[in-house]
Amino acid sequence: MPIFLLIRHGENNFLKQSRLPGHLPGIHLNKRGREQAVALSETLKTLPIRAIYSSPLERAVETAEPLAGSLGLPIQLRGGLLDSDVGEWQGLQIKTLRRHPLWKLVQEHPSQACFPGGESFVELQQRLVREINTIRAAHKHRNMLAVIFHSDPIKLVLAHFLN
């Protein structure tokens with residue numbers, strides 16, 4: 001199996017405002033996030049990374065760009081690596097969502113939850129695992145790959161592959 005470096009995108013203002021970004025376009029890295037992306041590149045530029053994959057959302061692509069530049073590799077955008085589809089909750093503040101009856105289920109039993117107008121955690125995990133397996137099949141054993149995407153999706157991928 002290839003070696004996957006699962007990397008969360010850098011900081012953005014949505015995070016600082018405690019909002020759920022979901023699939024919203026136009027969420028860019030803030031100053032600290034851009035600094036994190038450069039630091040990531042400096043840390044990883046000597047590794048034998050063979051490919052860089054990214055969610056197509058700006059915050060992930062912007063995190064991948066310095067590394068891609070350092071390594072001279074293209075960023076391969078993969079829709080299967082998109083963040084959680086939180087549906088009607090997209091853009092809302094977490095402090096508002098905490099009052100919603102579904103919030104407790106999302107926090108305590110996420111495998112039973114489905115975002116209103118969005119996807120369930122089970123559907124999200126299935127999408128992500130399919131994407132990782134597709135990427136895996138395209139590479140040789142022990143190739144090192146950088147995969148830049150989102151926090152909850154990374155946790156779901158790890159949960160699946162760690163059983």
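Reader: In what order do the strands of the open sheet come, and with which pairing?
Author: In this predicted model, the open sheet holds 4 strands in the order S1-S4-S2-S3, and the pairing is parallel.

Reader: Which strands stand at the edges?
Author: The edges are taken by strand S1 (3-8) and strand S3 (75-77). Each has a single partner strand, so one side of each lacks a neighbour in the sheet.

Reader: And what does the twist average from one strand to the next?
Author: The twist averages 25° from one strand to the next.

Reader: How many bridges join S2 to S3?
Author: Strand S2 (residues 49-54) is joined to S3 by 3 bridges, and the two run parallel.

Reader: Turning to the helices, which strands does H3 lie across?
Author: Helix H3 (residues 58-71) lies across S1, S2, S3 and strand S4 (144-149). Its direction is at about 160° to S2.

Reader: What about helix H7, which strands does that one lie across?
Author: Helix H7 (residues 151-161) lies across S1 and S4, and runs at about 150° to S1.

Reader: A change of topic: where is Ser120?
Author: Ser120 is in the loop between helix H5 (101-108) and helix H6 (121-137).

Reader: Is Ser120 buried or exposed?
Author: Ser120 counts as buried, because its relative accessibility is 12% and the cut-off for buried is under 20%.

Reader: Which residues is Ser120 in contact with, leaving aside its neighbours within four places in sequence?
Author: With those neighbours left aside, Ser120 is in contact with Ala113 and Cys114.

Notes
Residues numbered from 1 in each chain as written. Predicted model: local features only at pLDDT ≥ 70, side-chain atom pairs only at ≥ 80, totals over all residues. Heavy atoms only, no water. Buried < 20%, exposed > 50% of the residue type's maximum accessible area, 1.4 Å probe, protein only. Contact = heavy atoms within 4.5 Å. Pairing = 2+ DSSP bridges. Axes fitted to C-alpha atoms, helices over the stretch in contact; angles between N-to-C directions.
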